[in-house]
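Please look over the sequence and the structure below. A briefing follows, grouped by topic.

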Amino acid sequence: MAKDRSNGMDYTAPLRRLIVTVLVLVLAATFLIWRIDSPRVERFRAQVTDQIVPNFDWAMAPVTGTINLLQDLQSYRQLAEQNQELRRELRKMQAWKEAALQLEQENARLLDLNNVRLDPRLTYITGVVLADSGSPFRQSVLLNVGTRDGLVEGWATMDGLGLVGRVSGVAQNTARVLLVTDASSRVPAFIQPSGQKAMVAGDNSAAPPIDFLESPDLVRPGDRVVTSGDGGVFPAGLLIGQVAASPDGRLRVRLAADYERLEFLRVLRHYGTPPVSDTTGVLTPDGPRLLVQEDATSD
Amino acid sequence: MTDIGPSRIWARRVSFAALVLLVIFFNLLPLQTLPRSWAGPDLLMAFAFAWVVRRPEFVPPLLLGGLFLLADLLLQRPPGLWALLMVLACERLRGQSRSLRDATLTTEFLAVGSMIIVVSIGYRFLLALFMLDLPPLGLALSQLGMTLVFYPLTVFLTHALLGVRKATPGDYDSKGQAL
């Protein structure tokens, strides 16, 4: 018996070792190819995700719903407290609503005066969040819209209120959205009302810090942070959030988008801002001298 | 005692694959889209180690490699690296499984726990070596700690619910040889 087994071991052990060696080499090669030619392997990853995750969809929605329901039940315990708080907030909100209505009327009047037409190319596609990144080290979500719906990599994604992230990785039926909170996310931004340019750099925390700020003294907590459109990835003027000072004195962005529940996201169609290459030809076909001459004759 | 035919082994292999897919499925549920300051346990690693220590023949290297590569792709990790480390670690534990068979849970926990720590450190080291973004230290440490804490629980689940137990002297494989 013991002899039999040792014979058996002699027969299987080299084969097993060969399989393991080949497997290890294949895995190492996969990693190295990814390190060298990341976009190609990332496309492959997107294809694999596209093949597998939508199949889970029928189970994902009900399970997510049930767990969220249970979490909500827990929060119902603090219902009375919440109710009080909501009443207080409602009172505040009514004041704001009044202000908003007045501003809306004023805005409509001003737009009418200026005959402004808002950018008609900024339309959007709405997608449902299928899955998240699946690990606490990465912040991204998977949407159920893809190249089938005309999605292009790099497009900005918002929920109803603010910027959520940008599309990074599109497959036939799914697209991955890299959230603003991810450690590899950088969004060029513009802080109003001081007009400072800065970079919102994700760092895996709920409130991403503001980097490359020229004079932080001009920025106050509560200022609005909007995309500046620099770099041409995002359209300008999308709301990111509000400035907040963290306890360590760093300026961070309190995001306007509701990150607690990302369910439906809008992907903005954006075909890039055309660069202005020559400064004078834009004004008139004949250059600026004509303008000067006109000025001279009118004098 | 029980006869473990090839069909039973294959049924167990399939059930391991199903278990891994279930864990990935729960990882992918979009429950928490706000970044967390702590990380849950890496259940895939814990289950793989618990199975490989108990019944190495249920988790052949090809199955482990394939499933962990799939997990790498779906969970946004550098593809291949974590799978490579897991295959090597499981092979190492497979070699020890014969001696761990008679060991107490404490000895097993020490062997597996040190392997979990070695794999985590090795992963971080390789990420740094290839100049990739390192995951935040706090998150990585909390994941390591949680995995260690949850390992006995996965052992219990594997043993009691899934019925994957260590081979006893009465067990024979399909060819009638003692395991």
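In β7(A), which residue is the bridge partner of A:Val187? The bridge partner is A:Val200. This is a predicted model, in which local features need pLDDT of at least 70 and side-chain atom pairs count only at pLDDT 80 or more, while totals for chains, interfaces and linings use all residues. Residues are numbered from 1 along each chain as its sequence is written, and chains are lettered from A and ligands numbered from 1 in the order in which they are written.

**Confidence and overall make-up**

- The model scores ipTM 0.86 and pTM 0.78.
- Chain B averages a pLDDT of 87, and 92% of the residues score at least 70; pLDDT is the predictor's confidence in each residue, from 0 to 100.
- Chain A has four helices and 12 strands; helices (H or I, at least four residues) and strands (E, at least two) are DSSP runs, numbered from the N terminus.
- Of the 299 residues of chain A, 28% count as buried. A residue is buried if 20 or more other C-beta atoms lie within 10 Å of its own, exposed if 12 or fewer, and partly exposed in between, with C-beta atoms placed from the backbone.

**The sheet in chain A**

- Six strands of chain A form an open, antiparallel sheet in the order β8-β7-β6-β9-β10-β11. Two strands pair if DSSP finds at least two bridges between them.
- β8 (210-211) and β11 (251-255) of chain A are at the edges with a single partner strand each, so one side of each has no neighbour in the sheet.
- β6(A) and β7(A) run antiparallel and are joined by six bridges. Three residues lie between these strands in their hairpin, where A:Gly195 takes a positive phi near 75°.
- Four bridges join β6 (residues 186-192) to β9 (residues 224-227) in chain A, and A:Ile191 stands opposite A:Val225 in β9(A).
- β7(A) and β8(A) pair in the antiparallel sense over two bridges, with A:Val200 opposite A:Ile210 in β8(A).

**Where the chains touch**

- In chain A, 46 residues are in contact with 37 residues of chain B; two residues are in contact if their C-beta atoms, placed from the backbone, lie within 7 Å.
- On the side of chain A that touches chain B, α1(A) gives the most, with 13 residues.
- The residues of that side divide into 26 nonpolar, 13 polar and seven charged. Ala, Val, Leu, Ile, Met, Phe, Trp, Tyr, Cys and Pro count as nonpolar, Asp, Glu, Lys and Arg as charged, and the others, Gly among them, as polar.

**Core and a helix of chain B**

- The largest nonpolar core has 94 residues, and A:Ile240, B:Ala48, B:Phe49 and B:Met86 have the most contacts inside it. Such a core is a set of buried Ala, Val, Leu, Ile, Met, Phe, Trp, Tyr and Cys residues joined through C-beta atoms within 7 Å.
- Helix α2 (residues 43-54) of chain B supplies the largest share of this core, 11 residues.
- Leaving aside its neighbours within four places in sequence, B:Phe49 is in contact with B:Leu93, B:Val112 and B:Met115.
- α3(B) is mostly covered, with 10 of its 14 residues buried, including B:Leu64, B:Phe68 and B:Asp72.
- Just after α3(B), B:Gln76 takes a positive phi of about 60°.
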